Amino acid sequence: MLKTFGSSLVLGLFVGLSTLLPAKAAENLVFTYGSLKLNLPVASLKTFAETGKVDDKLAPYANMIGSKDLEEFRNLLTKKIPIDPVRTSRFLNSAMGEQFLYRMGKAVTIEGNINGKYALRGAIVQSAFQPGGFTLLGFLEKYPTNLEFPGEFILSLSQRLSNAIGGTELFVAKMRQWTIEEAKTNIIPIDFTKSGDLERSGKFEVKEETWHLEDTKRNRKFYVLVFRPTTYRQGSTPVVLVSHGLASRPEDFANRAKHLATYGFVVALPQHPGSDLQYLEDMFAGLHRNIFDVDEFINRPLDISFLIDELERRNQSQFEGKLNLKKVGVVGHSFGGYTALSVVGAKINFDYLDHECNKSQYAFLNTALILQCRALELPHKDYNFRDERVVAVMAVNPVNRAMFGKEGIAKINVPVLLGSGSYDPATPPIFEQISSFVALNSPNKYLLLAEGQAHVDFSVLDGGITSSVQSIGDIELPNPNKLHVYFDSMVLAFTEVHVAQNADYLPYLTSAYALYLSKGNNFKLSFIDEKFSPIVEQEVRNFLQKHNIRD
């Protein structure tokens with residue numbers, strides 16, 4: 001798993017891969033360390049890639065690696081990755097794209113150790129225009145100047161990457177261990193083979209509706225998918241809202257919503273029009289420059305509150321007054337995780353965010369910062385999106401830690417379930433969820449880790465990204481249906497207990513049930529609660545001290 005997590009981090013940095021045309025091609029790769037400079041002609045690499053011949057310029061480097069790795073490197077030089085050059089160009093011209101280039105430009109510089117972000121953009125796009133797509137050799141040939149690799153920075157980066165991989169490996173192993181330990185102390189023993197699996201649909205038939213709403217105060221129009229049972233459960237009907245992630249849409253979470261609705265929930269999924277899939281497609285079409293509107297940090301939580309208001313307006317006329325809108329749950333994925341945490345009291349900490357974006361040792365590796373750092377464009381004031389009607393949230397792969405910091409997360413006092421994935425390159429758990437779990441002051445808090453979960457569902461990726469994933473060797477991916485079972489089941493257990501206030505589901509909100517769900521599967525589901533918070537905190541402290549990392 002160490003190798004696969006390292007590959008997924010590289011994928012997270014690479015997958016986003018302008019129109020700046022280079023005047024000439026790079027002739028040499030220049031490796032520096034202090035006053036030492038070593039040159040490697042690009043022509044030598046080209047000859048090696050095309051013929052397998054190692055000339056006298058390449059030989060000193062080839063001798064440092066084994067024949068197998070050398071052959072893999074040769075294949076890597078000419079491996080074609082079909083990246084759309086126009087879409088790539090528009091991404092790299094966006095604010096997030098420029099941030100990506102700036103980070104990469106620290107490691108791949110112009111001679112003189114000048115940030116190479118503009119040269120990178122031109123070379124990436126021009127290589128993508130080549131027949132068959134982007135290749136590493138094509139990139140080197142299109143780079144407009146000699147490439148310089150600053151040794152001190154790269155060695156430091158390598159050490160930080162090693163720390164991140166080691167920390168993730170440790171976290172995955174510890175989560176497995178803690179899940180087993182907690183399951184042994186389970187005070188509510190239950191035979192899950194007889195009690196029924198939560199992965200199965202409930203007894204309620206479900207109908208789907210689409211609402212088109214307008215918030216005139218914000219001049220904002222958006223649609224909402226609503227899944228509702230055709231009959232009502234006893235007592236009041238619990239309500240859950242689902243907030244989609246960046247460049248996503250409500251439809252992507254329809255199956256999860258329908259699953260909840262079969263158990264008697266009313267589930268509403270709002271579109272966030274400034275950060276959804278359509279907004280991304282409009283950017284690729286050249287209609288605007290950025291992947292999302294920076295005001296989405298404000299509008300997303302306000303969408304949630306407006307939707308609850310709308311449900312209150314419709315409760316009597318469309319739901320017979322059955323909806324319990326004083327105790328609403330919110331489930332959010334990625335940017336939707338930020339949304340969910342915001343509506344239960346987490347506040348943006350601009351000072352901490354500025355530090356993480358500009359001074360953190362690990363800013364280069366935390367791809368989630370590329371999204372979060374855009375919040376620094378907002379007026380720096382005290383934003384409060386707390387909606388007292390929301391009483392519990394589940395944030396899956398949330399972008400959150402740099403946005404809120406410990407102080408912001410500590411303001412939350414409702415039940416929270418944080419979900420993470422061991423392969424996640426976009427919001428790596430080592431950076432985004434572990435410390436947030438520790439910082440939570442909620443009386444009921446849970447941390448879930450799905451091994452092999454990679455932020456997105458690889459089974460529905462578009463062709464370009466799929467090819468990029470497949471180009472990185474030795475990545476074993478889990479069965480996506482099994483991952484859906486993990487999250488659908490735990491979302492149901494969490495919302496039954498903390499939204500519907502149904503104690504019958506307490507046995508499912510346990511490490512014992514997590515072990516049951518992943519029995520016989522290579523990719524395990526781990527689950528701990530607040531009892532392990534001090535242990536997690538100590539493990540984090542030990543790891544930071546061991547590697548001399550400033551928190």
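Leu241 and Phe297 touch the most other members of the largest nonpolar core, which has 106 residues. A nonpolar core here is a set of buried Ala, Val, Leu, Ile, Met, Phe, Trp, Tyr and Cys residues joined through side-chain atoms within 4.5 Å. Buried means under 20% relative accessible area, exposed over 50%, and partly exposed in between (1.4 Å probe, protein chains only). Helix H13 (residues 296-319) gives this core its largest share, 7 residues. A second, separate core holds 45 residues, among them Tyr263 and Met490.

The model is predicted: local features need pLDDT of at least 70, side-chain atom pairs count only at pLDDT 80 or more, and totals for chains, interfaces and linings use all residues. Residues are numbered from 1 along each chain as its sequence is written, and side-chain values use heavy atoms, leaving out hydrogens and water.

Go back to Leu241. Beyond its neighbours within four places in sequence, Leu241 is in contact (heavy atoms within 4.5 Å) with residues including Ala268, Ile304 and Val331.

Now turn to charge. There are 28 salt bridges, each a side-chain nitrogen of Lys or Arg within 4 Å of a carboxyl oxygen of Asp or Glu. One joins Arg220 to Glu296, with the closest N and O atoms 3.0 Å apart. This pair links distant parts of the chain: Arg220 sits in strand E6 (residues 220-229) and Glu296 in helix H13, 76 residues apart. Arg220 is buried at 8% relative accessibility. Glu296 is buried at 1%.

Notes:
Helices (H or I, at least four residues) and strands (E, at least two) are DSSP runs, numbered from the N terminus.
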